[in-house]
Amino acid sequence: MTTTVRTSALLGISDLTVRFELPDATVDAVTGVSLAVAPGELLAVVGESGCGKSVLAHALLGLLPANATVTGRAVLHGGEAPVDLLGAGEKILARTVRGRRIGLVPQSPATALTPVRTGRHLLAETLRVHGRARGDAEAVAADAGLAPADLDLYPHELSGGMAQRLATALALAPDPPLLLADEPTSGLDRLLVDATLDLLRQRCDNGATVILITHDLAAAQRVADTVAVMYASRIVEHRPAAGFFAGPRHPYAHALLEALPDRAFAPIPGHPPMLTELPAGCAFAPRCPRAADECGSRPGLAPDGPGRVACHRPIGSHP
Amino acid sequence: MITADGITVAYGRHRVLDGVSLSVARGETVGLRGPSGAGKSTLLRVLALLHRPVAGTVSIDGTAITGIRYAVPPAVRTRIGVLFQSPRAAADPRLSLADLIAEPLRVARLPRATVTGRVAELADVVGLTADLLIRRPHAVSDGQLQRACLARAFAHTPDYLLCDEATTMLDAATQALIAAVITDYQQRHNAGVLIVTHDPALMTRWADRCLDLGDLAAVDP
């Protein structure tokens with residue numbers, strides 16, 4: 001399964017696959033993911049916990065543990081020489097990619113911040129490493145919604161929301177063309193969620209690219225240009241956000257949206273499959289109300305209008 | 001009816017709650033909201049009898065919890081079930097899900113056969129299959145672990161269930177499932193449910209009435 005990657009893309013991922021070797025099993029964490037993200041695009045990757053979203057992000061940054069096997073290509077363009085993130089060595093990733101060309105807004109900021117340094121110290125360090133004046137710290141912090149006085153606090157003195165804004169400021173400081181935001185809003189109240197999302201949106205409007213990894217569909221709906229739905233390690237649907245939220249085509253995507261409290265608030269019956277024992281056919285078929293005999297063979301991710309869908313019987317095609 | 005009356009809690013010099021009162025009756029679902037740091041979780045811990053307030057009383061069906069040692073008799077404690085935000089933090093990583101659910105039953109010194117049967121019943125209520133029950137927390141998803149924590153909260157069939165942002169870190173499908181299981185339990189046992197959330201859509205959909213923590217404090221005592 002390969003998809004031609006447009007040369008205008010900032011990041012072109014083709015056939016990205018990640019496997020974890022365990023003593024008694026192999027985890028199919030990410031399988032055959034192909035995506036292109038354009039400059040200025042905000043792509044939301046959504047799905048249930050454990051579907052492979054975060055592993056995808058960590059694979060792009062070369063942050064996976066040693067028992068991971070990564071195959072495929074992920075070429076990062078944007079100003080400097082293109083680099084294949086999956087083929088590049090640790091030295092290249094550490095010196096030229098992480099922080100500089102790809103910023104990571106981590107999932108739990110409280111654990112990502114050095115506890116014995118103030119926000120100002122952390123930010124000044126980041127700015128110095130990236131060749132910017134330490135005096136920019138307050139400006140960068142203000143962009144992320146932090147007051148100058150907040151910078152003199154230690155991480156344990158920050159609320160969850162302030163820690164999140166500091167972590168976001170640290171990721172934004174080097175002004176990377178690509179931002180990976182891994183559940184940047186979990187645990188924040190709605191006002192802070194919206195503020196964080198709007199900040200990411202603003203980066204996109206200024207030309208940066210953001211990949212937002214989230215289980216929060218309301219968050220994706222607020223800011224995303226495009227949405228990719230992952231289920232059991234694969235992308236099952238990928239399309240422009242407006243069309244997706246108006247009428248998803250994959251039955252899983254539809255069920256996920258219908259679970260929202262402002263829609264049907266209906267759970268999806270059954271459990272997602274274990275990534276160590278994925279079925280040969282469509283992984284969603286056992287839970288799918290539209291499943292038929294043909295679903296015993298796995299559908300590929302095929303073009304579908306302005307997007308792509310991996311389903312033999314997408315919604316709207318077999319009334 | 002579980003009632004908090006004039007609850008005041010301070011951490012050091014910082015007064016988190018100042019004369020807050022609320023009550024939850026059997027059969028109703030009360031939503032509690034407020035900005036980050038407003039003291040929602042603290043109030044829930046006070047109601048769960050896990051934290052003794054500086055001032056104010058918690059009473060259950062008219063019986064106030066008092067005393068110098070703030071000792072809560074097991075018969076009272078088991079009438080309240082609690083579901084926390086992070087199942088990872090609330091579950092002992094060394095226990096299988098079955099042992100996790102069994103723990104409150106073992107603490108109550110129920111016979112082994114009774115415990116086994118009850119764990120199977122509880123697992124069924126929350127939709128955990130036998131192959132999941134033998135796993136430990138690291139080998140299951142957040143949603144599956146939260147289901148186990150919910151089964152554990154149901155162990156002694158509590159009359160009141162307190163949920164502190166219990167679905168915030170879960171995806172929409174798992175959130176809807178946890179809510180459906182709780183609503184079903186509530187209807188079968190006429191339980192009183194308190195949910196803390198800052199998701200307005202979830203609040204509107206789930207709670208019978210909604211309280212703002214800011215409105216609950218006594219006005220100028």
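Let's begin with chain B: the C-alpha centres of its domain 1 and domain 2 lie 25 Å apart. Domain 1 of chain B is 1–79 + 158–170 + 190–221, and domain 2 of chain B is 86–157; bounds like these come from an automatic or database domain assignment. Six residues of domain 1 of chain B and seven residues of domain 2 of chain B make the contact, and by contact I mean C-beta atoms, placed from the backbone, within 7 Å. On the domain 1 side of chain B, that's five nonpolar, one polar and no charged. For those classes, Ala, Val, Leu, Ile, Met, Phe, Trp, Tyr, Cys and Pro count as nonpolar, Asp, Glu, Lys and Arg as charged, and the others, Gly among them, as polar.

Quick housekeeping. This is a predicted model, so local features need pLDDT of at least 70 and side-chain atom pairs count only at pLDDT 80 or more, while totals for chains, interfaces and linings use all residues. Residues are numbered from 1 along each chain as its sequence is written, with chains lettered from A and ligands numbered from 1 in the order in which they are written.

Staying with chain B, look at helix α4, residues 97–107. Its buried residues are B:L97, B:A98, B:L100, B:I101, B:A102, B:P104 and B:L105. Buried here means 20 or more other C-beta atoms within 10 Å of the residue's own, with 12 or fewer for exposed and partly exposed in between, all C-beta atoms being placed from the backbone. What sits over them? The cover on the buried residues of α4(B) includes α5 (112–126), α6 (130–133) and α7 (142–153) of chain B. Just after α4(B), B:R109 takes a positive phi of about 60°.

Now chain A, which has ten helices and twelve strands; these are DSSP runs, helices being H or I with at least four residues and strands E with at least two, numbered from the N terminus. Its radius of gyration is 20 Å, close to the 20 Å that the globule rule gives for 319 residues, so chain A is as compact as a globular protein of that length. That radius is taken over C-alpha atoms, and the rule is 2.2 Å times the number of residues to the power 0.38. Of those 319 residues, 50% count as buried.

Twelve residues of domain 1 of chain A touch eleven residues of domain 2 of chain A. On the domain 1 side, α7(A) gives the most, with five residues.

Next, the open sheet in chain A: four strands in the order β2-β1-β4-β5, with antiparallel pairing. Strands pair if DSSP finds at least two bridges between them. At the edges are β2 (25–37) and β5 (83–84) of chain A, each pairing on one side only. Eight bridges join β1(A) to β4(A), and A:G12 stands opposite A:V75 in β4(A).

Last, where do the chains meet? The contact takes 24 residues from chain A and 25 residues from chain B. On the chain A side, α6 (160–172), α7 (190–205) and α10 (251–258) each supply at least two residues. There, α7(A) gives the most, with three residues. By class, that side has twelve nonpolar, eight polar and four charged residues.

Methods. Two residues are in contact if their C-beta atoms, placed from the backbone, lie within 7 Å.
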